[in-house]
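Subject: Handing over the structure

Hi,

Here is the structure I promised to pass on. Have a look first, then read my notes below.

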Amino acid sequence: MSYVDGFVVPVPKKNVAEYRKIAKKAGKVWRDHGALEYLECIADDVKVGKWTSFPRSVKLKKNETVIFSYIVYKSRAQRDKVLKNVMRDKWLAGMMDGKSMPFDAKRMIYGGFKTIVQA
């Protein structure tokens, strides 16, 4: 079964166009290095929950929106190989300083997931 890296990111609404531009380039980098799919999705029907929710998970501010992203790989081993190569990519290295990011990377949530159902 496939392996998935998932991300939830708070992005200031004024920075969505910039984020999208960077995400398109990042998606190409990941795909060039072997990822099967790369998706970046903007909140559309995402309400603030009483106890938990996507907005609460990233401490969403009034002027921000939530981006949910995921990258699909053949397996965990393939993901580790792709990620190693992606992190060496010159284009990506140039934007990984955190200060040039169009969002607060400290509030990003991410992790790797084993697929348990694939329909």
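This is a predicted model: local features need pLDDT of at least 70, side-chain atom pairs count only at pLDDT 80 or more; totals for chains, interfaces and linings use all residues.

Residues are numbered from 1 along each chain as its sequence is written, and side-chain values use heavy atoms, with hydrogens and water left out.

**Salt bridges**

Arg 76 forms a salt bridge with Asp 80, with the closest N and O atoms 3.1 Å apart. (A salt bridge is a side-chain nitrogen of Lys or Arg within 4 Å of a carboxyl oxygen of Asp or Glu.) Both residues lie in helix H3, four residues apart, about one turn of the helix; helices (H or I, at least four residues) and strands (E, at least two) are DSSP runs, numbered from the N terminus. Salt bridges that share partners join Asp 5, Arg 76, Arg 79 and Asp 80 into one network.

The count comes to seven salt bridges. Another one is between Arg 107 and Glu 64, at 2.5 Å from N to O. Arg 107 sits in the loop between helix H4 (90-95) and strand S4 (109-114) and Glu 64 in strand S3, so this pair ties together parts that are 43 residues apart in sequence. Arg 107 is buried at 15% relative accessibility, and Glu 64 is buried at 7%.

**The core**

The largest nonpolar core has 19 residues, and Val 9, Tyr 19, Trp 30, Ile 71 and Tyr 73 have the most contacts inside it. Such a core is a set of buried Ala, Val, Leu, Ile, Met, Phe, Trp, Tyr and Cys residues joined through side-chain atoms within 4.5 Å. Strand S1 (3-12), helix H1 (16-32), strand S3 (64-73) and helix H3 (76-88) each supply at least two of its residues, and H1 gives the most, with five.

**Pro 10**

Pro 10 lies in strand S1 and is buried, at 0% relative accessibility. Its C-alpha atom is 9.3 Å from that of Phe 54, 44 residues apart along the chain.

Over to you!

Methods. Buried means under 20% relative accessible area, exposed over 50%, partly exposed in between (1.4 Å probe, protein chains only).
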